[in-house]
Amino acid sequence: MIYDQILVRYGEISTKGRNRKAFTKKLRENILMVLKDMPEIKISATRDRLHIYLNGENGEEALKRLSSVFGIQSYSPVMKTEKDMEKIKDAALHLVQKSHKEGQTFKVSARRADKTFALDTNEINYAVGSHVLKNTEGLTVDVKKPDIKLNVEIRKEGAYLSSEIHPGAGGMPAGASGKAMLMLSGGLDSPVAGYLIMKRGVEVEAVHFHSPPFTSERAKQKVIDLAKTLSVFSGRIKLHIVPFTEIQQTVHNQVPENYTMTSTRRMMLRITEKLRERHNGLGIVTGESLGQVASQTLESMLAINEVTSTPVLRPLISMDKLEIIDIAKQIGTHDISILPYEDCCTIFTPPAPKTKPKSDKIQYYESFVDFETLIEQAAADTELLVIEGGMLQTENDDLDELL
Ligand code: ATP
Ligand code: MG
């Protein structure tokens, strides 16, 4: 007795009219990506459903992974048995007992596509229903509004049974709303920002600024681990690691201490902007939350944001730290984020950064160095990592192919 297929119901995407085809295509790609190591799996689409044919692959594992794929409203495993009433009754009992809670009601709903089968639908309903009732404590029948509806379908090649309905992650399939660059630090906020924006159907490519030797390999590994954790929601994520040491040191030498943070952020944004252009992104995502720290005042955002006209998306802007921490725990990034390895910004953070930086001042301070050349260089020397199915796939040897 094994799962034969998983039935996937779309959520919001089926309401999107003419976009539906593109959305279904993305959803299907994303599902195939999270099930990449299960090569026998095949997917077919109907108007408002996808059928994932397991062909012998591990159904329990596939069910677990589907829970994080955006764009799925709900999904149900379907069991296949031989067309033998004893086998069907056993399978039915197994399915009901897996999800049943004391006091619930149920109903069997049989369909007989194979008319040569000995029993008709009423007889199947009765035989299966009475077997399940007899063997399950605290279960009663309700044909109008049952808690558990057990579907039994008799076809030529076998009998199919389903009852469980798993809630999906909701939202829209990652990539269906285009792509944006996620500025991913090792902190708590930016991974959560990435998750929330992915849920709205945006594919993210992460960008991380790394300043060796001031920041260690372990700090970089932490960001890779965060990207891996985020990749379960889309199946795949690209991570750009930008060498940032020289720019950071130059800012440090050039700009008065209380303005270094503002200037550093502007440089990050300018580089991210270059990468966005190069990789056809449509926006930039950050983990900023209003008032959280000195750099996250409106005055500060104005001075930083000035360097680009690309939409900067800030999904956490109005959230409290505790709400952000809750989500981080849910999505599995919290425990990675709180590891102590230094971030490039922590090291260079001045004791008293300006909370109300003036943009004419910052422009003046930055005007003595040809930052544009340094920025071009950093963007050109950026390392690209690709994470697929939770695994790091490609170091930058294959960079040219991927670009
Ligand atoms: P986080 O928890 O995401 O690190 P934060 O509260 O520490 O955020 P800041 O240090 O002010 O806030 O950073 C604001 C945003 O700038 C971050 O959320 C992130 O999007 C981006 N950022 C900061 N440092 C880096 C970095 N080293 N690489 C990439 N992005 C960064
Ligand atoms: Mg941080």
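**Close-up views of a predicted model**

**View 1. Ala303 and the residues around it.** Start by finding helix H9, residues 298-305, which is where Ala303 has its place. Which residues does Ala303 touch, leaving aside those up to four places away in sequence? Look for Thr262, Arg266, Pro357 and Ser359. Now follow the chain to Ile362: Ala303 and Ile362 are 59 residues apart along the chain, yet their C-alpha atoms are separated by 8.0 Å.

**View 2. Helices H3 and H4 crossing.** Here you can see H3 (residues 85-99) and H4 (residues 121-135), whose axes come within 9 Å and cross at roughly 50°. The two helices are therefore oblique to each other. Their contact involves residues of H3 including Met85, Ile88, Leu93 and Val96, and residues of H4 including Ile124, Val128, His131 and Asn135. As for handedness, H3 passes H4 in a right-handed crossing.

**View 3. An aromatic cluster.** Tyr259, Tyr364, Tyr365 and Phe368 form one aromatic cluster. The structure holds seven aromatic pairs. Why is the pair of Tyr364 and Phe368 edge-to-face? The ring centres of Tyr364 and Phe368 are 5.1 Å apart and their planes stand at 85°, so the pair is edge-to-face; planes over 60 degrees apart count that way. Are these two residues buried or exposed? Both Tyr364 and Phe368 are exposed.

Note on methods:
Residues are numbered from 1 along each chain as its sequence is written. Chains are lettered from A and ligands numbered from 1 in the order in which they are written. This is a predicted model: local features need pLDDT of at least 70, side-chain atom pairs count only at pLDDT 80 or more; totals for chains, interfaces and linings use all residues. Side-chain values use heavy atoms; hydrogens and water are left out. Rings of Phe, Tyr and Trp (its six-membered ring) pair if their centres lie within 6.5 Å; planes under 30 degrees apart count as stacked, over 60 as edge-to-face and the rest as tilted. Buried means under 20% relative accessible area, exposed over 50%, partly exposed in between (1.4 Å probe, protein chains only). Axes are lines fitted to C-alpha atoms, for helices over the stretch in contact, and angles run from 0 to 180 degrees between N-to-C directions. Helices (H or I, at least four residues) and strands (E, at least two) are DSSP runs, numbered from the N terminus. Angles under 35 degrees count as roughly parallel, over 145 as roughly antiparallel, 65 to 115 as roughly perpendicular and the rest as oblique. A crossing is left-handed if the near helix is turned anticlockwise from the far one by less than a right angle, and right-handed if clockwise. Contact means heavy atoms within 4.5 Å.
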